[in-house]
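Here are my notes on the helix packing and the sheet. Please read them alongside the model.

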Amino acid sequence: MSPTPSKRVSGSVSRKKPMGKGSTKSAIKAGTKAAAKISAKTSAKTAKGAKDRSLGLLPKQLVIQMLDMMVKSRVLEERLIKVYKTGDAFFWIGGPGEEAFGVPLGLLVNKGQGPAHDYLHLHYRGTPTLIAMGMPMIESIRLIMNRSTDVCTGGRNFANHYCFPEWNVVPVGSPIEVQYGMAVGTAMAQRRRKMNKEASGVTIVTGGDAGTAEGDFASCLIWASRPGKEVPLYITVQNNKWGISTSFDDQHGEKHIADRGKAFGIRTNVVNGNDPIESYFAISQDLEYIRKNTKPVLTEFMVSRLYGHSSASGANREAGDCPIDLFEKRLVDSKYVAPGFVKELWAKYDAESREAAEIVRKEPVPTRESIWEHVYVGSENGDWRKF
Ligand SMILES: Cc1ncc(C[n+]2csc(CCOP(=O)(O)OP(=O)(O)O)c2C)c(N)n1
Ligand SMILES: [Mg+2]
């Protein structure tokens, strides 16, 4: 029998711990406490005015861990692009340039399965978040190379279209913005649990700026904020100022996408998503507000799109602020890391990703018969001819 996605439950992903060192967990706790002490506005101001002061507000170990994960995520994305360019994959899309937002988000998630934990309705740029949650690189490579060993889709979907039920990471869809409507559903279930005094997580949704033109986004704002029925939903937008080749500036009459939440009484924020410290504080405070008040927050993160839209636009390095370069400079200037630190990390993760790609190359593709697996809910091996 060839491996199928049904093997996912016993797959490596569910067993992996999010981070190698247990002490990082306590560093995150300390970081969350620090975040609670300062308001989002203060953190934004501090980050702009005196960057190194805001750096010192988080445990050093956590700061360096964030840089490490940002590099790991970028190296993985660059590996995926190489895999595509050497003809071992049909398509690439991913998150290089969104690491300073995605990594803090992954670190702050209440990870687990079921409504007592957070749900993640991600879009196709979620690699940094999954890396921070502990996804091994090889899982992402199996997905892009369409191998039957791919625990997310059994080799049936695109790069970055993750799905990890063990972590409440619901399947990433290709139609943009539909996740904003679906996220209301898990958030409603969590609201019901909260009202019943049962343990409950919150729901987190991510997506791009251009997608907010879709009705799904408006529906999300409406359903998230009904008076007396507000849901614990973290509505985030990653604004890279592009929708494939359409510029943000030509399309949006509103100054900030986040401003649209104000009409619904939703707490809003605009954050420099290229700054992992500012992002960490903003996400931490937003999540705390949502958990405490069972109300939504809409936060817009300004990010970069460093390899264009996808392989459809060439997947070549483009102009734009690189959050890793910026963070590395800051940590070197502050003597948190030595000048060669990132170079060494890069080499380590590059070797890991190359070895993973070599392993995956030898793995089988899905069998013809497996096309019918997992197609209909409650009907494994569903055959449309019988319907
Ligand atoms: C419903 C729908 N319409 C159009 C597309 C084609 N499409 C794919 S990505 C994209 C642009 C999305 O831009 P944005 O929301 O800003 O996200 P980004 O890719 O910049 O992260 C479009 C129009 C699609 N996938 N789904
Ligand atoms: Mg965009």
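1. Two residues count as in contact if their C-beta atoms, placed from the backbone, lie within 7 Å. Helices (H or I, at least four residues) and strands (E, at least two) are DSSP runs, numbered from the N terminus. This is a predicted model: local features need pLDDT of at least 70, side-chain atom pairs count only at pLDDT 80 or more, and totals for chains, interfaces and linings use all residues. Residues are numbered from 1 along each chain as its sequence is written.

2. On the H5 side, Met 66, Met 69, Met 70, Ser 73 and Arg 74 make the contact. Their counterparts in H6 are Glu 99, Ala 100, Gly 102, Val 103 and Pro 104. By class, the contact holds six nonpolar, two polar and two charged residues. (Ala, Val, Leu, Ile, Met, Phe, Trp, Tyr, Cys and Pro are nonpolar; Asp, Glu, Lys and Arg are charged; the others, Gly among them, are polar.)

3. H5 spans residues 60–85 and H6 residues 99–108. They pack at about 115°, axes 9 Å apart. Axes are lines fitted to C-alpha atoms, for helices over the stretch in contact; angles run from 0 to 180 degrees between N-to-C directions.

4. Five strands form an open sheet with parallel pairing, in the order S1-S2-S3-S7-S6. Pairing requires at least two DSSP bridges between two strands. S1 (119–121) and S6 (267–272) are the edges; each has a single partner strand, so one side of each lacks a neighbour in the sheet. Twist averages 15° from one strand to the next.

5. S2 (residues 203–205) and S3 (residues 233–239) run parallel, joined by three bridges. Ile 204 sits opposite Tyr 234 in S3.

6. H11 (residues 276–293) lies across S3, S6 and S7 (297–302). H11 runs at about 165° to S6.

How values were computed. Chains are lettered from A and ligands numbered from 1 in the order in which they are written.
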